[in-house]
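Reader: I would like to learn how to read a strand and a residue in a model. Please take me through an example.

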Amino acid sequence: MLSYSRQEILEEDIQAVVDALRSESLTGGDRLRAFEEAVAEFVGAKYGVAFSSGTAALHAAVSAAEVGPGDEGITTPNTFCATANCLIYQGGRPVFADVAEDTLTLDPAAVQARITPKTKVLLPVDYAGHPADLDAMAALADKHGLTVIEDACHAIGARYRGQRVGSISHMSVFSFHPVKHIAAGEGGMVTTNDSKFAERLRRFRDHGINRSTEQTATEPWFYAMENLGFNYRLDEMSCALGFSQLKRIESNLNARRGWAMRYAEALADFEGLRLPVEQADCDHAWHLYPIRINERIAGIDRRTVFCGMREAGIRVQVHYIPVHRHPYYQSMGWRAGQFPVAEAAYEQILSLPMFHGMQQAEWQSVIDCLTRIWKERRCHA
Ligand SMILES: *Cc1c(COP(=O)(O)O)cnc(C)c1O
């Protein structure tokens, strides 16, 4: 089976994990600090705070932005449900806004229309690895006193107007789940340039405990739990794996770019197929390669292509079922049809295999399969 994404584990990664296992600390040691510093340095941010998952990192960021009961966060329906769920963890409410037709990232005009006195955060997603319209988000945030939490789980290494994502928004969130660029097993990180956020994030990860209080002078055993937090720590084995993988990030990004360019070339003349765009002022990180199939022009629907490729052993996937269409969100009052751009895209999208370790023969099998399906398609119609 050729999956839409696959991790790459080399001997050096295995050795790094083994070294961690043989070290003094299995959690909270040197590898944590090294990994945090390396990610922060790579994206150009002052601070990196690691978490046990991207979801935990999102939760912490929402807490650090002081979202509480009654507060609203504006986000995109075109994402993994974790982006919206994290607001609810803190008693907040996700408010969806539609996406832009080309990049399928949050449409600033749609966001603006949904800002109310209850709005506290904006949660754009760098969908598929293409940066959201971050200057527009920052401008809206400045004007209305909001915090921007950028879900950059798809986009480590992407650039927006010359700057790496992770150094632009108030807080940026990354995931190190194995389908993403860098695998740590599970893992996530928030990067920020603001020491106040970094401090809150660290504390939230560790039960809200502050270990640097003055009382430790008189009571050396003392620590103070100052707010409600969690155990969202990332262990040393995961940090070692993430750190080892990060060393190859440039070749990882280059390989993905190479596959994306070759897809674009090979699929350019397929009738009714729309390929992902890369805006001139952005560098795409190419986590996903979502094509859009226009049934009317192509003469074939997405379901048939999906099933045809799966039958051929190619595990394509659909990113994403719009979040507001999940039963949980429907029960909160959201309705199908509220976000026409995201929902029209959902009817058409299909993610082709895209990962740095992809082999030429694997890439070719995708093209061959699509070529065959496109040749036969009038029979299905
Ligand atoms: C993967 C992902 C997450 C969650 O990350 P985990 O590490 O799986 O918890 C959040 N948002 C988006 C957009 C993602 O792709």
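Author: In strand 10, Thr192 is the bridge partner of Met171. This is a predicted model, in which local features need pLDDT of at least 70 and side-chain atom pairs count only at pLDDT 80 or more, while totals for chains, interfaces and linings use all residues. Residues are numbered from 1 along each chain as its sequence is written, and side-chain values use heavy atoms, with hydrogens and water left out.

Reader: Which strands pair with strand 10, and in which sense?

Author: Strands (E, at least two residues) and helices (H or I, at least four) are DSSP runs, numbered from the N terminus. Two strands pair if DSSP finds at least two bridges between them. Strand 9 (residues 171–175) pairs with strand 10 in the antiparallel sense over five bridges. Strand 2 (residues 47–51) also pairs with strand 10 in the antiparallel sense, over five bridges. Tyr47 has Thr192 of strand 10 as its bridge partner.

Reader: Is strand 10 mostly covered or exposed?

Author: Buried means under 20% relative accessible area, exposed over 50%, and partly exposed in between (1.4 Å probe, protein chains only). In strand 10 (residues 188–192), five of five residues are buried. Gly188, Val190 and Thr192 point one way, Met189 and Thr191 the other.

Reader: Where is His59, and what does its side chain join?

Author: His59 lies in helix 3 (residues 54–64) and is buried, with a relative accessible area of 2%. A polar contact is a pair of N or O atoms within 3.5 Å; within protein, one must be able to donate a hydrogen and the other to accept it, and residues adjacent in sequence count only if both atoms are side-chain atoms. The side chains of His59 and Tyr232 are joined by one of 2.8 Å.
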